[in-house]
Amino acid sequence: MNNPLKTIRERKPLIHHITNWVTIYDSANMTRAFGALPVMAHAPEECAEMTGISSALVLNIGTLTSEIIDSMLLSAATANEKKIPVVLDAVGVGATKFRDEMAAKILNSVHVDIIKGNYSEIAKLAGENAETKGVEATTISADPEKIAKEFAKSSSAVVVMTGKEDIISDGERVFVVRNGHELMGSIVGTGCMVASVIGAFAAINPDYCEASRDALCYFGIAGELAAVKSSGPGSFKVNLYDEVFNLSDEKARNMMNFEEKQAQK
Amino acid sequence: MNNPLKTIRERKPLIHHITNWVTIYDSANMTRAFGALPVMAHAPEECAEMTGISSALVLNIGTLTSEIIDSMLLSAATANEKKIPVVLDAVGVGATKFRDEMAAKILNSVHVDIIKGNYSEIAKLAGENAETKGVEATTISADPEKIAKEFAKSSSAVVVMTGKEDIISDGERVFVVRNGHELMGSIVGTGCMVASVIGAFAAINPDYCEASRDALCYFGIAGELAAVKSSGPGSFKVNLYDEVFNLSDEKARNMMNFEEKQAQK
Amino acid sequence: MNNPLKTIRERKPLIHHITNWVTIYDSANMTRAFGALPVMAHAPEECAEMTGISSALVLNIGTLTSEIIDSMLLSAATANEKKIPVVLDAVGVGATKFRDEMAAKILNSVHVDIIKGNYSEIAKLAGENAETKGVEATTISADPEKIAKEFAKSSSAVVVMTGKEDIISDGERVFVVRNGHELMGSIVGTGCMVASVIGAFAAINPDYCEASRDALCYFGIAGELAAVKSSGPGSFKVNLYDEVFNLSDEKARNMMNFEEKQAQK
C-alpha cells in the first residue's frame with residue numbers, strides 16, 4: 001500500500017481497544033495522533049457491539065483479569081465474524097502462569113490476526129523455554145527470526161517480535177525493522193502504543209504483514225526524529241507525539257529502515 | 001459571577017469524579033490546574049460518602065460497567081439530597097445500546113444538573129435519530145440550538161453541546177461559545193477535561209448555565225493561548241496545562257467569545 | 001548506602017504495584033525513570049506470583065475496591081514470606097470510613113514495612129483526630145515528628161509523612177527532609193510517584209529508613225531542578241522526568257537537604 005498514513009487520516013478508522021489501565025491513555029492518544037479514532041470499551045454488555053462498528057480490535061493483557069479476558073473473547077468473536085483484524089499484545093506472558101494460560105485461551109478460542117510481544121513473550125507463546133521479568137523481555141536462546149516464522153505458520157497469524165530489531169513474519173516473509181531509538185525504551189507504554197499503531201495500519205491494509213512492518217517503521221521514525229530534540233523521557237514523549245502528528249508518507253518513505261529476508265526453503 | 005477563577009482558587013472546592021479509565025488522570029490534573037481539588041472514588045462502600053464532602057459530582061460513562069453505573073447512582077442520590085451539582089458527560093451515547101440505556105437510567109433515576117456531550121451524543125439523548133462513531137460526534141441533521149434548548153427544558157437541566165461551536169442552554173437562555181482551537185481535538189480527553197472544569201465552576205456558582213458558559217470560555221481561551229506556542233498534540237497538551245495554571249479572570253475577560261441568543265417565543 | 005541511584009540502575013529491581021487508576025501510568029513511568037522496572041498486576045490469580053518475582057511491593061489505595069484490597073493482601077502475604085519490602089501509600093485515609101477500615105485491615109493482616117501518607121492521612125492512621133479533604137491533607141493539631149516516631153514504634157514500620165517538610169522515622173531515628181518545590185503540588189500524582197520511588201530505593205537498601213529518606217531527597221531534588229525551568233504544571237512534569245533521568249548520585253549528594261533529629265529519651 002502506497003500512502004498508508006494518508007489513508008488512515010482520510011478514512012479515520014475506529015480502533016476498538018480492550019487494554020490495560022497503565023497505558024490506556026497513551027494507546028488512545030497515539031491512535032489519534034496517527035489520525036485514527038480510538039475507542040475503549042470493555043463492558044460485556046457492549047464490547048462486541050463496539051467491535052462491530054470498528055475497523056480493528058486491539059487486545060492487550062497488561063493488567064488482565066478473568067472478566068476482561070471474557071470481554072476480549074466476546075469482542076474477538078465478533079471481529080472474526082466480521083473480518084475485522086484482531087491484534088493481541090501479549091504483555092507479560094512468561095511472567096506468571098495466569099498470563100500464559102489466558103493468552104493461550106485467547107489464541108485457542110478465537111483467531112488472532114497479529115500476535116505482538118517482545119522477544120521473551122513471543123518465545124514463551126511459541127512454546128520455547130522463556131521467562132519475562134514482569135513485562136520486560138529477558139534474553140532468549142533461540143533464533144528470533146526462526147521463532148517468528150514458525151510461530152506465524154503454526155498460528156496462521158502475523159507475528160511481531162519487538163526489540164532492538166523488530167522481527168515480523170507471516171510464516172513466509174520475514175521483515176527485520178531497524179527504525180527506532182533507545183529513548184523509546186525509557187518511557188513506559190511504547191510497546192502498547194505500537195499495538196495501537198499496528199491496529200490503525202491493519203485497519204486500512206489487508207496485508208497485515210506489510211501493515212505491521214509499516215506501523216513499526218513509521219512509529220520508529222517518529223521516535224528517531226523525536227530523540228534528537230529530547231533531553232530525557234519527559235521531553236521525548238512530548239516530541240514523539242508532535243513528530244507522529246507531523247509525519248507524512250513522503251518523510252517516512254525516505255527514512256524506512258527494514259530488510260526483507262529471503263524465504264528459506 | 002465576577003471572578004470565578006479567583007473564587008475557585010480561594011475556595012478549592014472538592015470535585016468528586018466517577019469517570020473513565022482512559023482520561024481519569026487528565027480529569028484530575030485539569031481540575032487541579034484550575035485550582036480545585038479532584039478526588040476519584042468509585043467503590044460502592046464509599047462513593048456516596050465521598051460525594052457528601054464534595055462540592056460537585058462529575059459522572060463520565062466513557063468506560064462504563066454496570067457496577068460503575070450503580071456507584072454513580074449512589075453518589076448522585078447523595079448529591080441531589082445535599083444540593084451538590086451533578087454533571088453527566090454522556091461519552092459514547094449513540095454508539096451502543098448499553099450506553100444509551102445506562103445514560104437513560106441515570107437521567108431517569110436521579111437529577112442531573114448539567115448534561116454534557118458532543119452534538120451526536122446530546123442529539124441521541126434528546127431522542128433524535130443520531131449515531132456516534134465510538135466516542136466521536138457524527139453530523140446531525142437537526143438544529144443544535146433547538147435541541148439544546150428543548151432538551152434542557154424537558155430535562156430541567158443545563159445542556160452543554162460541545163463542538164466547533166459550543167451550545168449551552170437552560171431551556172430559556174442559549175449561549176454559543178466560540179472560544180477554543182482545533183488542536184484541542186488532536187488530543188484525547190479535552191471533552192472529559194471540560195466536564196471537570198464545568199464541575200469546578202458549578203461548585204462555586206449556583207447559576208449552572210453561566211458556570212458552564214464560563215468554564216467553556218476559560219478552557220477554550222487556555223487552548224487558544226497554548227495553540228500558538230505548540231507544534232503538535234504533545235507540546236499542545238503541555239502548554240494547555242501551563243496556560244490554565246497562569247490564567248486569570250482579567251486575562252480571560254478580554255478573550256471571552258460568546259453570544260447570547262434571544263429567547264424565541 | 002553510598003550510590004543508591006547507581007545501584008538501582010545496575011540491578012533494575014522489579015517493583016510490583018497494586019495501585020490506583022488515576023496515577024498508575026505515572027507510578028510506572030517514574031519507577032522506570034529512576035532505573036527500576038515497574039510491573040502492575042492486580043488479578044487475584046496472579047498477583048502473589050508477580051510479587052514473588054519482584055524486589056518491592058507498592059500498595060496504593062487511591063481508588064480502592066474490596067476486590068483490590070483482597071489482591072493486596074495476597075501479594076503482601078507473599079512479600080512478607082519472601083522478605084520483600086512492602087510500601088503502603090494510605091491515599092485518602094481520613095476521608096471515608098471505608099478507607100480507614102481498609103487501611104486498618106491491611107495493617108492488621110500483613111506486615112507493612114513502610115507506611116506513607118500526607119500529614120492528615122498518617123495522623124488518622126496513628127489514631128489521631130484528623131480528617132482528609134478527599135486526598136488532600138488538612139491541618140493537624142498534633143506534632144508530626146512525634147506522630148511519625150510513635151506510630152513507627154507501634155507499627156514496627158518506617159513511617160513517611162509527606163508535606164512541606166517530609167518526616168521519616170523508624171521509631172528511633174527521625175529525618176526531616178526539606179528538598180522539593182511547591183510546583184510538585186501543582187500536579188496530581190507526585191505523592192503516588194514518591195511511593196514508587198521509595199519502593200525502588202527500598203528494593204536495593206535493607207535500611208528502609210535511609211532508603212525512604214534518600215528517595216524523598218532525590219525526588220525532591222529532581223523537582224527543584226525541574227521547577228527552575230518550568231512555567232506551569234505542564235512543563236514542570238516534562239522537566240521532572242528529564243531531571244530524574246539525568247540525575248546522578250554525585251549531583252544529588254550536593255543538593256540533599258535533610259536533618260537527623262536527636263533521639264529523645
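In this predicted model, chain A can be laid on chain B with an RMSD of 0.0 Å. Within chain A, the C-alpha nearest the axis belongs to Trp21(A), at 3.8 Å from it. The interface residues were then compared between the two copies. Only 8% of those in chain A are also interface residues in chain B, so the copies meet through different surfaces.

The sheet was examined in chain C. It is open and has 9 strands. Their order is E2-E1-E3-E4-E5-E6-E7-E8-E9, and the pairing is mixed. Strand E2 (37-40) and strand E9 (258-261) of chain C are the edge strands. Each of these two pairs on one side only. From one strand to the next, the twist averages 20°.

Two local features of chain C concern strand E4. Strand E4 (residues 86-89) of chain C runs parallel to strand E5 (residues 114-118) of chain C, and 3 bridges join them. In this pairing, Val87(C) has Ile114(C) of E5(C) as its bridge partner. Helix H4 (residues 66-82) of chain C lies across E4 of chain C, as well as across strand E1 (14-18) and strand E3 (56-60). The helix runs at about 155° to E3(C).

Strand E3 (residues 56-60) of chain B is mostly covered, with 5 of its 5 residues buried. The cut-off for buried is under 20% relative accessible area. Ala56(B), Val58(B) and Asn60(B) point one way from E3(B). Leu57(B) and Leu59(B) point the other way. All of these residues are buried, on either side of the strand.

E3(B) pairs with two strands. With strand E1 (residues 14-18) of chain B, the pairing is parallel and spans 4 bridges. Here Ile15(B) stands opposite Ala56(B) of E3(B). With strand E4 (residues 86-89) of chain B, E3(B) again pairs in the parallel sense, over 4 bridges. Leu59(B) has Leu88(B) as its bridge partner in E4(B). The chain passes from E3(B) to E4(B) through helix H4 (residues 66-81) of chain B. This β-α-β crossover is right-handed.

How values were computed:
Residues are numbered from 1 along each chain as its sequence is written. Chains are lettered from A and ligands numbered from 1 in the order in which they are written. This is a predicted model: local features need pLDDT of at least 70, side-chain atom pairs count only at pLDDT 80 or more; totals for chains, interfaces and linings use all residues. Side-chain values use heavy atoms; hydrogens and water are left out. Two strands pair if DSSP finds at least two bridges between them. Axes are lines fitted to C-alpha atoms, for helices over the stretch in contact, and angles run from 0 to 180 degrees between N-to-C directions. Contact means heavy atoms within 4.5 Å. Copies are superposed by least squares on the C-alpha atoms of residues with pLDDT of at least 70 in both. Buried means under 20% relative accessible area, exposed over 50%, partly exposed in between (1.4 Å probe, protein chains only). A crossover is right-handed if, with the strands pointing away from the viewer, the path from the first strand over the helix to the second runs clockwise.
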